[in-house]
Amino acid sequence: MPDLLLEIFSEEIPARMQPRAAADLQKLVQDELFAAGFMPEGAKAFATPRRLALVVTGLPGAQADRKEEKKGPRVGAPEKAVAGFLKSAGLDSIDQCEVRSDKKGEFYVAVIDEKGRPTADVIAGFLPELIRKFPWPKSMRWGDGELRWVRPMHSILCTFDGGIVPFEVEGIASGDRTHGHRFMAPDEIQVRNFEDYEIALSRAKVVLDGERRTEQILEEAKALCATQGLELVEDAGLLNEVAGLAEWPVTLMGSFDEKFLELPDEVLTATMKGHQKYFSVRDPKTGALTNRFIFVSNIEAPDGGKAMRTGYERVLTARLSDAWFLYSQDLKTPLEEHAKKLNEVTFFESLGTIGDKVDRVAALAREIAPIVGADPNVAEQAARLAKADLVTGMVYEFPELQGLMGRYYAFAQGKDSSVADAIRDHYKPAGQNDESPQEPSSVVLALADKFDSLVGFFALNEKPTGSKDPFALRRAALGIIRIVLANTLRIRWDSRLEGAIQLFKNQQSQGFGTGSVVELVPFFHDRLKVYLKDKGHRHDHVDTVRIRPDGTLEDDLVLIVKKLEALEAFLKAGDGENLLAAYKRAGNILKAEEKKEGTSFKPSVDAALLKEAAEQSLHTAMVKAQETFGPAIEQEDFSAAMSALAALRAPLDAFFEVVTVNAEDEDLRRNRLALLAYIKQTCEQVADFSRIEG
């Protein structure tokens, strides 16, 4: 079956926009084809720095003919009803309809007999508008035209079944011509199908497939390093970016003066990656960076890249010299002196300066330190210095090195390793794949810094809304959750809120409102639910254990997870599943009776009123279970508590089988309802089983 080939040729498309643009082009064209009744066999989009391309395979030469009958209103129906029917059927006059009869009378029928349009005509019909409204995140106009595209557009290649699909977009007519590599093969290329197109581009020094360019760069870079006994420092983000900068990638190795190796590895990498898009190279024996780098060119040089390499090395040397100067200058000033400048930098309106934040975090760190097992003095010292590198020259040039540079400067100035590590780690975990800090001082500082931000912004009612979270508060809350759980910290945040708010109030001369701070614990719970769901836990199981018996939200995150793990292990066993069913039955009976009487039944059972053997056995089993259950709950041994509950399965089954709860004798009835309330209350000391679905 015929194929569609489309290419939009332009000036350089930013690398970061290429993958999304290719995906959008494929989806938009496919949607139009589906809407026109086509079911293509496949579609694939491509992006290079100068072109967006798409091939759609398995299209018929024309749409299928369409014959449809559409029943309309009765003969003699109101004029508006008839007019609406004609519009929906695409007809101009009622004379175009047939009149048919049924038991209820005569009615109009529109017989639509539409011949399928040639596929090329359908394509030519929707592509101009699709191109005009293409969803670039940023676009531009050029010259006198109205067309907006990411960069000035030069040509449109569009063919189907070996012929040109004719259309025009703002004076640019579609055709069968394109161009190869800008420098090595700039001549015009004529093609009419995808197979010839891909081959012609390859001959013209263009690798069309972005994945292939990426693989080629990676393989060549690794091979170059291997020949020197070295190892490439892989970086997926940088790899994708350089693959989007070259249509014909040529991978080469360069070097720089070994004296620059005295700079921290992170500075070397940031300089090479951030400014020059170079890859770092390390010695696999030591793990340290070497004075080599990998760069990707977009041209095959006649001299094998010798002159190009010299130029790349010269530019990098200048960049590294700048970094060397900044690093040397920063080291001349103690971190304590840098920290004083934080009083001149605003953190956020109504939340004071970064210096004010440092004071609050230091106070919080002293408060949290004993809980974590950290030295309060060390924690406070780390807090006082943690933000100092924000005003250094190096972090001004490379903001992504904040914390890291503070650690290097702290070591260089003789600070304790726990202080230096805490400076580096207090931003952690910075992302999903980032590890949580483990060293006590680092844990304290990371928690205090995030908690201060959460309390401050919630107090100003600057909490996240919908998809907007400009201050990364969701990430801060998730970071706290991960740190707490990774280190099994028994921190009750409910009791910390008032002190944190007071720290803000002490700094504000005109008072400080509490805003939405009361919503912080529910906010933590929302983030915890998301986190645990991503770990494979059911949302209803999480809801079951995060509520205290009194109905309030539990703020001890470790306790919640301990209960959750015990609950899920319990429910996997047959006794747990059956006990859950019995619990729900007891709860339903109680709910119905309490609704009738407008009161709740207290779990106070009169043993003298237990007449039936089954209810006596159940009560005995409850008392016995409590001997294990109570101490287990106190010791937070929820597995043992669940095992004690599991022993109730058989007596509960027997109770519901032979005992009539709503007995005619009112005393018996109330006593049996009290027994059910006793069971329900006992179970809910572990979890609110009523929230479990199914």
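This is a predicted model: local features need pLDDT of at least 70, side-chain atom pairs count only at pLDDT 80 or more; totals for chains, interfaces and linings use all residues.
Start by selecting Asn461. With a relative accessibility of 47%, this residue counts as partly exposed.

You are in the loop between H15 and helix H16 (473–486). Asn461 is not a glycine, yet its phi is positive, about 60°.

Now go to Asp161. Look for the loop between strand E7 (153–160) and strand E8 (163–164). Phi of Asp161 is also positive, near 55°, and again the residue is not glycine. Is Asp161 buried or exposed? Its relative accessibility is 55%, so Asp161 counts as exposed.

**A cis peptide bond**

Select Lys428 and Pro429. The peptide bond between them is cis, with omega about -10°. Pro429 sits in the loop between helix H14 (417–425) and H15.

Move to Thr353. This residue lies in the loop between helix H9 (335–340) and helix H10 (354–372). A polar atom of the Thr353 side chain is 3.2 Å from the backbone nitrogen of Gly355. Thr353 has 16% relative accessibility, so it counts as buried.

**Salt bridges**

Side chains of opposite charge can pair when their charged atoms come close. How many salt bridges does the structure hold? There are 53. Visit a few of them.

Select Glu380 and Arg384. Their side chains form a salt bridge, 3.4 Å from N to O. Both residues belong to helix H11 (residues 376–385). They are four residues apart, about one turn of the helix. Glu380 is partly exposed, at 22% relative accessible area. Arg384 is partly exposed too, at 33%.

Next, select Asp449 and Lys387. Their closest N and O atoms are 3.2 Å apart, in a salt bridge. This pair links distant parts of the chain, 62 residues apart. Asp449 is in helix H15 (residues 440–459), while Lys387 is in the loop between H11 and helix H12 (393–397). Both Asp449 and Lys387 are buried.

Now try Arg548 and Glu554. Here the side chains meet in a salt bridge of 3.4 Å, N to O. Glu554, at 6%, counts as buried.

**Last stop: helix H20**

Select residues 557–572, which make up helix H20.

Now check the length of H20. At 1.5 Å a residue, its 16 residues should span 22 Å. The C-alpha atoms at its ends are 23 Å apart, which agrees.

How many of the 16 residues of H20 are buried? Twelve are, so H20 is mostly covered, with buried meaning under 20% relative accessible area. Among them are Leu557, Val561, Leu564, Leu567 and Phe570. Lys563 and Glu568 are on the buried list as well.

The axes of H18 and H20 come within 12 Å and cross at roughly 40°. That angle makes H18 oblique to H20. The crossing of H18 past H20 is right-handed.

Definitions and conventions. Residues are numbered from 1 along each chain as its sequence is written. Side-chain values use heavy atoms; hydrogens and water are left out. Helices (H or I, at least four residues) and strands (E, at least two) are DSSP runs, numbered from the N terminus. The expected span of a helix is 1.5 Å times one less than its number of residues. Buried means under 20% relative accessible area, exposed over 50%, partly exposed in between (1.4 Å probe, protein chains only). A salt bridge is a side-chain nitrogen of Lys or Arg within 4 Å of a carboxyl oxygen of Asp or Glu. Axes are lines fitted to C-alpha atoms, for helices over the stretch in contact, and angles run from 0 to 180 degrees between N-to-C directions. Angles under 35 degrees count as roughly parallel, over 145 as roughly antiparallel, 65 to 115 as roughly perpendicular and the rest as oblique. A crossing is left-handed if the near helix is turned anticlockwise from the far one by less than a right angle, and right-handed if clockwise. A polar contact is a pair of N or O atoms within 3.5 Å; within protein, one must be able to donate a hydrogen and the other to accept it, and residues adjacent in sequence count only if both atoms are side-chain atoms.
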